[in-house]
Amino acid sequence: MNQAQVTKLVSKLRIKVAPEPRRLRNPKGPEGRLDKLRKTVTGLIKFERIELNFNRADEARQYAERLISEAIVHGDCHKPTMEIADYWLLEKELIHKLFKVLVPRYENCNTAFTKMYRAPRPLYSRNIEKAVLELRGNPYPSLINKQYSNRHLIQNVLLDAAKYDYRQAKYAEMADKIGKTENQELNKLSKKDEITTE
Amino acid sequence: MISRFGYIINLLKALERNVLHSFGHPPRELAIVQIYERQSSNPPKKFSIKDIIGDGMLLAVPKFRRTIEKRWKRKFGSPEYVWKMLVPKTNIKVCQDCGHHHERGRLCGNCYNRVESETKEIQAKIQEKLGLNPIEKDVIVLYEGENVPEMPNEFWEGKRIIEMKKERPQWFSKNLLQKSTQQPSSSKDVKPTDLA
Ligand SMILES: [Zn+2]
C-alpha cells in the first residue's frame with residue numbers, strides 16, 4: 001500500500017448531499033444558475049449568515065464548503081485555487097477574507113465549515129421552504145440556544161430541588177415501612193416465644 | 001307531444017270515418033265547411049340569437065353540468081395529491097427556550113425573529129465600519145459596558161473590534177467570548193456558563 005490514498009488528496013465535502021437535484025431553474029440556463037450561486041457564496045462569505053430559499057442555500061453551501069477546503073489545503077500561493085476564489089467571490093476584498101480570516105479559523109476544524117437550518121415557516125402564506133445558512137464561528141448570537149440543558153438555569157435548579165425532595169420523601173417512606181415490618185416480625189417472634197414457654 | 005296529439009287526432013278522424021261510413025254519407029248540406037283563411041304572407045321567422053345581440057358578443061358559458069364527483073374533487077381535493085381539508089398537524093413542538101410552538105426540525109419562529117433582528121444590526125454595524133477595505137481581520141462584537149476580555153497580545157493581533165452602542169441583550173449569551181478566555185486558577189467560585 002505505497003500508493004497515496006486519493007481521498008486524502010482531494011478535498012471532501014463534510015456535509016450530506018441530497019441525491020435528488022435541487023431545482024434552480026434559470027432563464028439563462030446553467031450559466032445563470034452559476035451566477036446565482038456565485039452571488040450566494042459571495043453573500044455567505046461576506047455576511048456569514050444569510051436567509052434564502054432552501055434549494056439555493058443547499059447548493060451554494062456545497063460550493064462554499066469546497067471553496068474553503070480548497071483554500072485550506074492549497075493556501076493563497078496556489079494559482080488554480082486563487083482562480084477559483086476569484087471566480088466564486090464577486091467582491092474582491094472577500095478573497096483576502098477567505099485566506100486571512102477563514103482559513104486560520106477553520107484550519108483545525110473537523111466538522112463542516114457551514115451550518116444550515118430550516119427557517120420557520122409562516123402559518124398562512126405561500127409554502128416556500130427557506131433556510132438559514134451561516135458560517136461556523138460567526139460573531140452573531142447563536143440560532144439554537146441550548147440553555148435548557150444548562151444546570152444553572154432557574155427552571156433546572158427548581159426541578160432538581162423538586163426531584164431531590166421527592167426522592168428524600170420516598171426514602172423516608174421506605175425506611176418507615178422496613179422499620180414497621182421489622183417491628184411486626186419481632187412482635188410475632190416474641191409471641192411465639194411466649195407460647196412455647198407456656 | 002305534438003306528434004302524439006296529431007296521432008290522437010288521426011285516430012279520432014279514422015273513428016269518425018268508420019262510424020259515418022257505417023251509416024252512409026251524410027247529405028252534402030250538412031257537411032262541415034272548412035274555411036281556409038290565408039294567413040299573412042311571410043311565415044313566422046325562425047328564432048336566431050343574432051336578433052338579440054346584433055353586433056355584440058357573448059361570453060363562453062358552460063354547456064354541461066359538472067358531475068358531483070368532479071365538483072367534490074374540486075372542493076375537497078384528493079387525499080393522494082392535494083388534500084384541501086383541514087388536517088391537524090402532529091409535528092408541533094414547544095420551544096425549550098421561549099415556550100412558543102414551532103414545527104419539528106425547524107427553528108423556533110419567536111427565537112429566530114429575535115436573533116435575526118440582532119444579527120442584522122450587527123451586520124450593518126460591521127459593514128459600516130469595514131467599508132470597502134480588504135477584510136483581513138476577524139471580528140469581535142462588544143456591547144456597551146463590556147470590557148475587552150483579558151487575553152494575550154497575540155490574540156488581539158488579527159482582530160477587529162466592533163462596538164455596539166447598546167447593552168448586550170439578555171438572551172445573547174457571552175459564551176462566544178468565554179470559550180477562549182481562561183479563568184485564573186486561583187478563583188474558586190463557579191460562574192454560570194451559558195447565562196447572559
Ligand atoms: Zn423559541
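Which residue in β4(B) does Val139(B) stand opposite? Val139(B) has Arg160(B) of β4(B) opposite.

## Basis of the model

This is a predicted model, in which local features need pLDDT of at least 70, side-chain atom pairs count only at pLDDT 80 or more, and totals for chains, interfaces and linings use all residues. Residues are numbered from 1 along each chain as its sequence is written, chains are lettered from A and ligands numbered from 1 in the order in which they are written, and side-chain values use heavy atoms, with hydrogens and water left out.

## Chain A: overview

Chain A holds six helices and three strands. Helices (H or I, at least four residues) and strands (E, at least two) are DSSP runs, numbered from the N terminus. Along the sequence the pattern is α-α-β-α-α-α-β-β-α.

Of the 198 residues in chain A, 34% are buried. Buried means under 20% relative accessible area, exposed over 50%, and partly exposed in between, with a 1.4 Å probe and protein chains only. Among contacts in chain A with a separation of 6 or more, 62% are between residues 24 or more positions apart; contact means heavy atoms within 4.5 Å.

## Chain A: the sheet

An open sheet of three strands in chain A has the order β1-β3-β2, with antiparallel pairing. Two strands pair if DSSP finds at least two bridges between them. The edges are β1 (49–53) and β2 (114–118) of chain A, each with a single partner strand, so one side of each has no neighbour in the sheet. From one strand to the next the twist averages 25°.

β1(A) and β3 (residues 130–135) of chain A run antiparallel and are joined by five bridges. Ile50(A) has Leu133(A) in β3(A) as its bridge partner. Helix α2(A) packs on this sheet and touches β1, β2 and β3 of chain A, its direction making about 150° with that of β1(A).

## Chain A: helix packing

Helix α2 (residues 30–47) and helix α3 (residues 54–74) of chain A pack at an angle of about 65°, with axes 9 Å apart. Axes are lines fitted to C-alpha atoms, for helices over the stretch in contact, and angles run from 0 to 180 degrees between N-to-C directions. α2(A) is therefore roughly perpendicular to α3(A). Angles under 35 degrees count as roughly parallel, over 145 as roughly antiparallel, 65 to 115 as roughly perpendicular and the rest as oblique. The crossing of α2(A) past α3(A) is right-handed; a crossing is left-handed if the near helix is turned anticlockwise from the far one by less than a right angle, and right-handed if clockwise. Residues making the contact include Leu34(A), Leu37(A), Thr40(A) and Leu44(A) of α2(A), and Arg56(A), Ala60(A), Tyr63(A) and Leu67(A) of α3(A). By class, the residues of this contact between α2(A) and α3(A) are 10 nonpolar, one polar and five charged. Ala, Val, Leu, Ile, Met, Phe, Trp, Tyr, Cys and Pro count as nonpolar, Asp, Glu, Lys and Arg as charged, and the others, Gly among them, as polar.

The axes of α3(A) and helix α4 (residues 79–88) of chain A come within 10 Å and cross at roughly 150°. These two helices, α3(A) and α4(A), are therefore roughly antiparallel to each other, and their crossing is left-handed. On the α3(A) side, Tyr63(A), Leu67(A), Glu70(A), Ala71(A) and His74(A) meet Thr81(A), Ile84(A), Ala85(A) and Trp88(A) of α4(A). The contact of α3(A) with α4(A) has six nonpolar, two polar and one charged residues.

## Chain A: two residues

Thr40(A) lies in helix α2 of chain A and is buried, with a relative accessible area of 5%. Leaving aside residues up to four places away in sequence, Thr40(A) touches Ile50(A), Leu52(A), Arg56(A) and Ala60(A).

Val73(A), in helix α3 of chain A, is exposed at a relative accessible area of 52%. From C-alpha to C-alpha, Val73(A) and Glu107(A) are 9.0 Å apart in space, and 34 residues apart in sequence.

## Chain B

Six helices and four strands make up the secondary structure of chain B, in the pattern α-α-α-β-β-α-β-α-β-α. Buried residues account for 19% of its 196 residues. Of the contacts in chain B with a separation of 6 or more, 30% involve residues 24 or more positions apart.

Strand β3 (residues 138–142) of chain B runs parallel to β4(B), with five bridges joining them. In helix α3 (residues 68–76) of chain B, the count of buried residues among nine is zero. Gly77(B), which follows α3(B), has a positive phi, near 75°.
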